[in-house]
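Please examine the model shown below together with the explanation that follows.

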Amino acid sequence: MKAILVNEDKSLRWDNVPDPVLGNDDCLIKIEAAALNRADLMQREGDYPPPPGCPEWMGLEIAGTIVEMADGAKEKSTFKIGDKVCALLGGGGYAQYANVKYDMLMPVPKNCSMVEAAAIPEAFATAYLNLFTEGGIKPGNTLLMNAGASGLASVIIPMAKAFGVRVITTVLSDEIAQNIKHLNADRVVVTTKENIADVLKEELENGHGVDVAIDCLGGEIMGQCIHYLTHGARWIMIAALAGQKTQIDLKNIYVRNVRIIGSTLRSRTPETKAQILANLVRDVWPKVETGEVKPTIYKVLPIIKAEEAHDILYRGENIGKVVLEVE
């Protein structure tokens with residue numbers, strides 16, 4: 001089969017690789033679409049190696065058709081050959097085929113295309129993990145989701161709204177604010193015009209303090225914002241794109257009982273990931289199928305144009321997900 005490999009100069013090529021070898025609990029998926037994630041860029045740069053046992057090529061989420069099943073997968077799952085599925089991978093999605101353990105598979109939701117389905121597993125699992133497992137968010141709570149134009153925000157914001165959460169998000173310009181209007185955040189803060197720390201202080205004073213923050217930016221502003229949360233709030237760090245260091249008033253943390261939580265999906269055990277996917281199908285699929293929550297697709301390209309697709313993420317121009325189609 002073929003897959004996208006990284007050359008020594010970090011460029012990409014579509015080349016021959018060994019066919020997948022099924023383990024006893026695996027299904028062989030003929031891949032139709034694979035979605036991009038920022039982790040793919042990090043892996044390409046050599047900064048985010050795949051977990052042991054995963055293929056060397058990139059790709060964390062796919063959609064496709066089951067074409068073969070090992071005996072264990074047949075016995076332990078309700079899937080069958082010919083089923084349309086989407087899957088969460090440790091790596092190896094930029095290819096024609098992938099072997100996937102049965103409990104990393106989810107049925108393609110009704111009313112979703114295969115391109116849309118490919119954009120679901122990683123982003124939706126990350127959203128569920130941080131909103132509900134780590135954040136313990138509840139209807140009526142207020143969420144701060146930084147970087148509202150990111151692919152993850154395009155999932156977290158509507159998912160939170162579908163479960164009755166009030167959402168504040170941040171963007172860099174009025175144009176971007178207009179581009180994410182369809183996500184229906186309750187307050188969009190243009191940070192070139194308003195200071196987000198001042199906004200959070202105002203929200204707290206007006207009785208709308210943030211209960212959960214999901215932060216991929218970090219940096220100096222994180223330490224300024226964390227002082228203006230509700231009692232018992234959770235600030236969840238998933239990346240630090242704006243800087244790895246900040247200054248925090250520790251007294252404010254213990255007086256308010258604020259928890260700072262570091263969180264990544266990729267580091268979770270396979271058992272934890274499987275439980276998150278099962279919870280997604282149970283809790284979120286009904287809202288996907290009614291259209292309350294859907295992935296936002298920015299652009300679809302053939303897999304041989306993976307480098308062009310990566311460039312979109314490098315430039316930060318996408319509002320929503322970039323997806324590769326596999327022929």
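Helices (H or I, at least four residues) and strands (E, at least two) are DSSP runs, numbered from the N terminus. The model is predicted, so local features are reported only at pLDDT of at least 70 and side-chain atom pairs only at pLDDT 80 or more, while totals for chains, interfaces and linings use all residues. Residues are numbered from 1 along each chain as its sequence is written, and side-chain values use heavy atoms, with hydrogens and water left out.

Grid points are joined across faces, edges and corners, and a volume is the space filled by probe spheres set on the points.

The second largest pocket holds about 620 Å³ of space. Its lining consists of 28 residues, and those nearest its centre are Gly53, Cys54, Pro55, Gly90 and Asn99. Strand E6 (97-101) and helix H10 each supply at least two residues of this lining, and E6 gives the most, with 5 residues. By class, the lining has 16 nonpolar, 5 polar and 7 charged residues; Ala, Val, Leu, Ile, Met, Phe, Trp, Tyr, Cys and Pro count as nonpolar, Asp, Glu, Lys and Arg as charged, and the others, Gly among them, as polar.

The whole structure has 1 cavity of 30 Å³ or more, and the largest cavity contains about 40 Å³. Its lining is formed by Leu60, Leu88, Leu89, Gly90, Glu122, Leu265, Arg266 and Lys273, which divide into 4 nonpolar, 1 polar and 3 charged residues.

Buried positions in H10 include Lys273, Leu277, Leu280 and Trp285, where buried means under 20% relative accessible area, exposed over 50%, and partly exposed in between (1.4 Å probe, protein chains only).

Helix H4 (residues 121-134) has 12 of its 14 residues buried, so it is largely enclosed by the rest of the structure. Gly136, which follows H4, has a positive phi near 55°.

Two residues other than glycine also have positive phi values. Asn111, with a phi of about 70°, is located in the loop between strand E7 (105-107) and helix H3 (114-118) and is exposed at 60% relative accessible area. Ala147, with a phi of about 60°, belongs to the loop between strand E8 (142-145) and helix H5 (153-162), but is buried at 19%.

Side chains of opposite charge can pair when their charged atoms come close. A salt bridge is counted where a side-chain nitrogen of Lys or Arg is within 4 Å of a carboxyl oxygen of Asp or Glu, and the count comes to 18. One of them joins Asp25 and Lys76, at 3.0 Å from N to O. Asp25 lies in the loop between strand E2 (12-16) and strand E3 (26-35) and Lys76 in helix H2 (residues 71-76), so this pair ties together parts that are 51 residues apart in sequence. Asp25 is buried at 17%, whereas Lys76 is partly exposed at 48%.

In another salt bridge, the closest N and O atoms of Glu307 and Arg44 are 3.6 Å apart. Glu307 lies in helix H11 (residues 306-315) and Arg44 in helix H1 (residues 38-44), so the pair ties together parts that are 263 residues apart in sequence. Salt bridges also link Arg166, Arg187, Glu194, Glu202 and Glu203 in a network.

Methods: On a 1 Å grid over the protein atoms alone, a cavity is a set of points where a 1.4 Å probe fits but cannot get out, and a pocket is an open set with protein on both sides within 12 Å along at least five of seven lines; lining residues have an atom within 4 Å of a point.
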